[in-house]
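Take a look at the chain below.

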Amino acid sequence: MELEFIAAGQIVNTHGIRGEVRILPQGVEPELLAACHTLYVNGKPWRLTAGRVHKGCLLARLEGVNDMNAALALKGKSVSIRRAEVKPPDGGYFDEELVGLTARDAETGEELGTVEEVLSYPAHRLYAVRGGRDEYLIPAVPAFIADIDVPGGTMDIHMMEGLGTHEN
């Protein structure tokens with residue numbers, strides 16, 4: 001199921017005195033946010049008039065936010081993007097779209113559980129699969145991921161020995 005909006009981060013602070021906000025991206029790259037024309041702050045659309053990446057955050061100017069007080073009023077608010085307006089990198093999916101997929105063993109078709117969380121680490125992401133007979137942390141790399149079918153609600157995984165947390 002394709003989502004209409006993708007959670008993209010949070011406004012964590014202001015930057016300077018001219019109304020810029022500092023957005024901490026979550027589940028998306030800051031460069032992708034900078035390329036958007038409209039950001040949705042707590043569901044309300046704001047036109048992005050300027051944006052630049054700085055230390056892993058997006059420093060953004062939003063139309064109508066012209067001073068520090070206006071920017072401070074947005075601090076702590078969530079930021080999302082409209083799914084139809086952006087393409088994920090590598091033609092893949094956004095993390096939020098993967099949560100809730102049924103994880104299956106690619107070889108046997110056995111259900112392993114549900115993707116409950118996407119954990120981000122410097123090397124790669126991990127898919128936390130829970131709710132089956134075991135808990136799995138699956139590296140988000142082609143050696144482990146056979147197929148992702150978001151419309152069909154499934155993720156097929158190449159199972160390897162030692163992936164489960166309770167395996168003997």
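Glu20 and Arg52 meet through their side chains in a salt bridge, 2.5 Å from N to O. A salt bridge here is a side-chain nitrogen of Lys or Arg within 4 Å of a carboxyl oxygen of Asp or Glu. The pair links distant parts of the chain: Glu20 sits in strand β2, Arg52 in strand β4, and 32 residues separate them. Helices (H or I, at least four residues) and strands (E, at least two) are DSSP runs, numbered from the N terminus. Glu20 is buried at 11% relative accessibility. Arg52 is partly exposed at 41%. Buried means under 20% relative accessible area, exposed means over 50%, and partly exposed lies in between (1.4 Å probe, protein chains only).

This is a predicted model: local features need pLDDT of at least 70, side-chain atom pairs count only at pLDDT 80 or more, and totals for chains, interfaces and linings use all residues. Residues are numbered from 1 along each chain as its sequence is written, and side-chain values use heavy atoms, with hydrogens and water left out.

A search of the whole structure finds eleven salt bridges. Another of them joins Asp156 to Arg104, with the closest N and O atoms 2.7 Å apart. Asp156 lies in strand β12 (residues 154-157) and Arg104 in strand β7 (residues 102-105), so this pair ties together parts that are 52 residues apart in sequence. Asp156 is buried, with a relative accessible area of 14%. Arg104 is partly exposed, at 28%.

Next come Arg130 and Glu117. Their salt bridge has its closest N and O atoms 3.4 Å apart. Arg130 belongs to strand β9 and Glu117 to strand β8 (residues 111-120), 13 residues apart. Arg130 is partly exposed at 23% relative accessible area. Glu117 is partly exposed too, at 32%. Salt bridges that share partners join Glu116, Glu117, Arg130 and Glu135 into one network.

Stay with β9. Which way does β9 run against β10? Strand β9 (residues 125-130) and strand β10 (residues 136-139) run antiparallel, joined by four bridges. Two strands count as paired if DSSP finds at least two bridges between them. Ala128 stands opposite Leu137 in β10. The two strands form a hairpin with five residues between them. In the turn, Gly131 has a positive phi of about 100 degrees.

Now move to strand β4 (residues 44-54), which holds Leu48. Is Leu48 buried or exposed? Leu48 is buried, with a relative accessible area of 9%. Leaving aside neighbours within four places in sequence, Leu48 is in contact with residues including Leu33, Ala34, Cys36, Leu39, Ala60 and Leu62. Contact means heavy atoms within 4.5 Å. Met155 is another matter. Leu48 and Met155 are 107 residues apart in sequence and 35 Å apart in space, C-alpha to C-alpha.

Cys36 is in no disulfide, and the nearest cysteine sulfur, that of Cys57, is 16 Å away. Cys36 counts as buried because its relative accessibility is 7%. Cys57 counts as buried at 9%.

Ile17, Met68 and Leu72 make a nonpolar surface patch of about 270 Å². Patches are made of residues with over 30% relative accessible area and no salt bridge: like charges are joined within 9 Å, nonpolar side chains (Val, Leu, Ile, Met, Phe, Trp, Tyr) within 5 Å. Ile17 is placed in the loop between β1 (5-15) and β2 (20-25). Ile17 is exposed, with a relative accessible area of 63%.

Finally, step back to the whole chain. The protein chain has three helices and twelve strands. Its C-alpha atoms fill a box of roughly 60 × 30 × 25 Å, taken along the principal axes. Buried residues make up 38% of its 168 residues. Among contacts with a separation of 6 or more, residues 24 or more positions apart account for 50%. The chain exposes about 9,300 Å², and carbon and sulfur atoms supply 49% of that area. Accessible areas come from the Shrake-Rupley method with a 1.4 Å probe; for residues, only the protein chains shown count as cover.

Terms used. Disulfide = S-S within 2.5 Å.
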